[in-house]
Amino acid sequence: MTTGTASTADHLRAALDGPWGAVREEARGRLADEKFAGDPYLDYKAARARVLDQMRAIATMGIAERGFRLENGGTGEPGAAVVALEMLAYADLSLWVKSGVQWGLFGGAVENLGTERHRDVVKALLSLDLLGCFAMTESGHGSDVANLETTATYDPDTQEFVVHSPTPSARKDYIGGAAEHARMAAVFAQLITQGESRGVHCLLVPIRDEHGNDLPGVTTYDDGLKGGLPGVDNGRIVFDQVRVPRENLLNRFADVAPDGAYDTEIENPSRRFFTTLGTLVRGRVSVGGAAAAGARVALSIATRYALERRQFSDPDTGQETLLLDYRSHQRRLLPLIARSYALAFAQNDLVRRMHLVQTGQDLDPGSQRALETRAAGLKVAQTRHATRAIQECREACGGAGYLTENRLVTLKADTDVFTTFEGDNVVLTQLVAKELLTAYSDEIRELDALGWVRFAATMAGDVVRKRSGVRQLIQTLRDRGDDTVDEADVSRRSVQLQLFADREDYLVRTAGHRLRARAKDTTPFEAFNNAQDHILAAGAAHIDRLILEEFIEGIAGIEDPAARDLAETVCDLFAYSMLEENSAWFIMHRFMSVERAKAVRRGVNELVDRLRPDALTLVEGMGVPEGMLRAALLSDASVFDRAGRSEAPV
């Protein structure tokens, strides 16, 4: 379909590209070069060397500079930086991760937690004159950052911090760059000065000399072979009384004077800890975006294959049937494409919010907190979607999907760790739910269960709709609709959103009630632990509702009528498929009758049938250039052509 000079796919791609569409389009052209593609036949040592060479080419393109402030040699465009680096995921996820570690995690820590005294470090890491790593995770503590064991003890006699791994479980682990390339680490450790522990802070610790040898007191290990990402040199670091200058403390939020006096503008230790971590939210935003990009690559490959591959003869015509003409195949791929569209709109809004906060255009303290929660929730949704979608695409391509040359197994292996990378998905879902249960209350922000249970004792009312503004959106949608349509008609957007909000609201309120009831006869931890499954369900429901809202808002910005109509149908498929997945819950809690649930199932069938003719348009709209797919099956005539049949596949 075309309107004027631009096709419907062009309009969809422009909508999904979002506010930084020009950045995406530029990256498509520059990254299409074969030199940026991964080579799955390399051993991991050669893969690491190749990725480092690719990074050196990326460093000349001005991509990394976008993520840093003007005074540090950057251009001050964090939103553009996230988007530009996300495009690396189309080429090779090892390249994306390695770049993200250098310029996102390591660079982000130095810029966002440091001050002007660390400016030279930022400039050196930008140009790759200094390769670094982000040493937060430990063997004994991954998600529980507050209880990391590594210590940084201040010695006023020498004005140095002594960085030490006091136990075997305190070793830094799974650290990208630590095995081979990094010469400096941003180390998160318990800061101790004047005999008092001040909680987790970040320091710059040199770990290797210019020849790649470990520095005195530092021992690095190679994590070796992993399930994927062979171009990333993950490793372990152990510190044995390593001394670094006092100035190596990244001191934006706290500093230590020469005599050891501790100074901070944020007196509350818990708030200081969360403020520190909050500045690093860009990493979580980026992980979700890259996972979703990997899913789009897989869906583009599998759908294009299904539009050419034939299997089993039609008894009426004798002609073999295209895979995508089978209802089961449509149901396998098209709802996942619909979810990819939904997540793309949600990611655009998330990056926009992040950009406003990090450029100082949004100074509302609540905006930073809301950004952290939204980033956590979308990272969960996007990484789980990638895991599910890529596996479905692999199966949908049969034996061909299992060949490395067709890329799907590589995508599957490379994205697998994303569900635990930058925060375990279960822990992050719990974080989202905690923010819902506490209703963004400053008084109850602690991670312990006691605060949750105390809040539950006073919690009441329609929390979701009072706090989110979803009521207003539902009413706006109703006002736009046809009043003659029955209120319960699931095809109406307002009804879809109402059902999503009802599920979220019910789960949040009943999770609070369950905590309160259990707290009467047990400990706070036991009360929380007993309700954990319920709490996680509430978090997941909140994430689903946010994604639907962003899809609705995204469609409103599409000006081309044909593209907007097609996007509306895709949004219907997303909503219907999510309602179908959760139909048992809706029936069990009497939000949906059995007949209505059957209508939802029929609706999914009708929608995939309606979207089948536009499958290629939808794939092109996702924005992965055909030349960047690099899947041999798409050009392998032996899997499409049939002996004795001259006609080309439709």
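Residues are numbered from 1 along each chain as its sequence is written, and side-chain values use heavy atoms, with hydrogens and water left out. Because the model is predicted, local features need pLDDT of at least 70 and side-chain atom pairs count only at pLDDT 80 or more, whereas totals for chains, interfaces and linings use all residues.

**View 1. Packing of helix α11 (residues 365-396) with helix α13 (residues 408-416).** The two axes come within 9 Å and cross at roughly 160 degrees (lines fitted to C-alpha atoms over the stretch in contact, with angles from 0 to 180 degrees between N-to-C directions; helices are DSSP runs of H or I of at least four residues, and strands runs of E of at least two, numbered from the N terminus). α11 and α13 are therefore roughly antiparallel to each other (over 145 degrees). Ile390, Gln391, Cys393 and Arg394 in α11 are in contact with Leu408, Val409, Leu411, Lys412 and Thr415 in α13 (heavy atoms within 4.5 Å).

**View 2. Buried residues of helix α7 (residues 119-126).** Val121, Val122, Ala124, Leu125 and Leu126 are the buried residues of this helix (under 20% relative accessible area, with a 1.4 Å probe and protein chains only), and their cover includes α6 (93-113), β7 (184-193) and β8 (196-206). Just after α7, Leu128 adopts a positive phi of about 70 degrees.

**View 3. Gly224 in the loop between β9 (218-222) and β10 (234-239).** Gly224 is buried, its relative accessible area being 16%. Leaving aside residues up to four places away in sequence, Gly224 touches Arg48 and Asn234. Gly224 and Gly235 lie 11 residues apart in sequence and 7.7 Å apart in space, C-alpha to C-alpha.

Definitions and conventions: Parallel < 35°, antiparallel > 145°, perpendicular 65-115°, else oblique. Buried < 20%, exposed > 50% of the residue type's maximum accessible area, 1.4 Å probe, protein only.
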